[in-house]
Amino acid sequence: FLHESAGLGDSASMAQLGTMAYWGKGMDKDITVALRWWRAAADKGEPSAMFFVGLLGLQKLGVDFWPAFFISVAACFLSTWGFSTLLTSAGWISKD
């Protein structure tokens with residue numbers, strides 16, 4: 001069902017598939033696949049996906065987990081006021 005919904009453009013399904021791929025729940029654990037799903041969902045404005053793209057991007061830039069987490073949470077909060085580009089900018093800088 002999730003793959004079908006995601007294929008039809010449902011951003012929540014895309015984000016869920018990204019989470020499943022990241023943790024290896026119901027599929028092989030694959031961070032590249034997770035990031036691909038999260039980026040697709042983030043492009044559609046899915047807040048949870050924006051959070052994870054930003055978090056992983058900051059970590060790739062060398063930011064430790066907890067500072068990256070709090071920066072992503074703050075950016076997620078700001079995205080509710082239309083600042084969504086802040087949330088994913090680190091993720092786009094560090095594309096695979």
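Which residues form a nonpolar patch on the surface? The legends below, for a predicted model, take up this and other views.

**View 1. A nonpolar surface patch.** Phe-65, Trp-66 and Phe-70 make up this patch on the surface. Together the three residues have about 370 Å² of accessible area. Trp-66 sits in helix α5, which spans residues 65–79. Its relative accessible area is 54%. Trp-66 counts as exposed because this value is over the 50% cut-off.

**View 2. The whole chain.** The protein chain has 6 helices and 0 strands. Along the sequence, the pattern reads α-α-α-α-α-α. Of its 96 residues, 36% are buried. The accessible surface of the chain is about 5600 Å². Carbon and sulfur atoms hold 63% of that surface. Consider contacts between residues at least 6 apart in sequence: 44% of these join residues at least 24 apart.

**View 3. The largest nonpolar core.** This core has 15 residues. Leu-35, Trp-38, Ala-41, Ala-42, Ala-49 and Val-53 touch the most other members. Three helices each supply at least two residues of the core: α2 (11–23), α3 (31–43) and α4 (47–60).

**View 4. Ala-42 in helix α3.** Ala-42 lies in helix α3 and is one of the core residues that touch the most other members. Is Ala-42 buried or exposed? Ala-42 is buried, because its relative accessible area of 9% is under the 20% cut-off. Ala-15 is 27 residues away from Ala-42 in sequence. In space, the two are 8.0 Å apart, C-alpha to C-alpha.

**View 5. Ala-49 in helix α4.** Ala-49 belongs to helix α4. Its relative accessible area is 0%, so Ala-49 is buried. Which residues is Ala-49 in contact with, leaving aside its neighbours within four places in sequence? They are Ala-15, Trp-38, Ala-41 and Ala-42. Among them, Trp-38, Ala-41 and Ala-42 are also listed with Ala-49 as core members that touch the most others. Ala-49 and Ala-12 are 37 residues apart in sequence. Their C-alpha to C-alpha separation in space is 8.5 Å.

**View 6. Confidence along the chain.** The protein chain averages a pLDDT of 79. Of the residues, 77% score at least 70. Where is confidence lowest, and where is it highest? Confidence is lowest in helix α6 (residues 84–93), with a mean of 48. Helix α2 is highest, at 94. Over residues 90–96, the pLDDT is below 50. Beyond near neighbours in sequence, this stretch still has 18 contacts in the model.

Terms used:
Residues numbered from 1 in each chain as written. Predicted model: local features only at pLDDT ≥ 70, side-chain atom pairs only at ≥ 80, totals over all residues. Heavy atoms only, no water. Core = buried A, V, L, I, M, F, W, Y, C linked by side-chain atoms within 4.5 Å. Buried < 20%, exposed > 50% of the residue type's maximum accessible area, 1.4 Å probe, protein only. Helix = DSSP H or I, 4+ residues; strand = E, 2+ residues; numbered from the N terminus. pLDDT = per-residue confidence, 0-100. Contact = heavy atoms within 4.5 Å. Patch = residues over 30% accessible without salt bridge, like charges linked within 9 Å, V, L, I, M, F, W, Y side chains within 5 Å. Areas by Shrake-Rupley, 256 points an atom, 1.4 Å probe, with all protein chains shown as cover. Salt bridge = Lys/Arg side-chain N within 4 Å of Asp/Glu carboxyl O.
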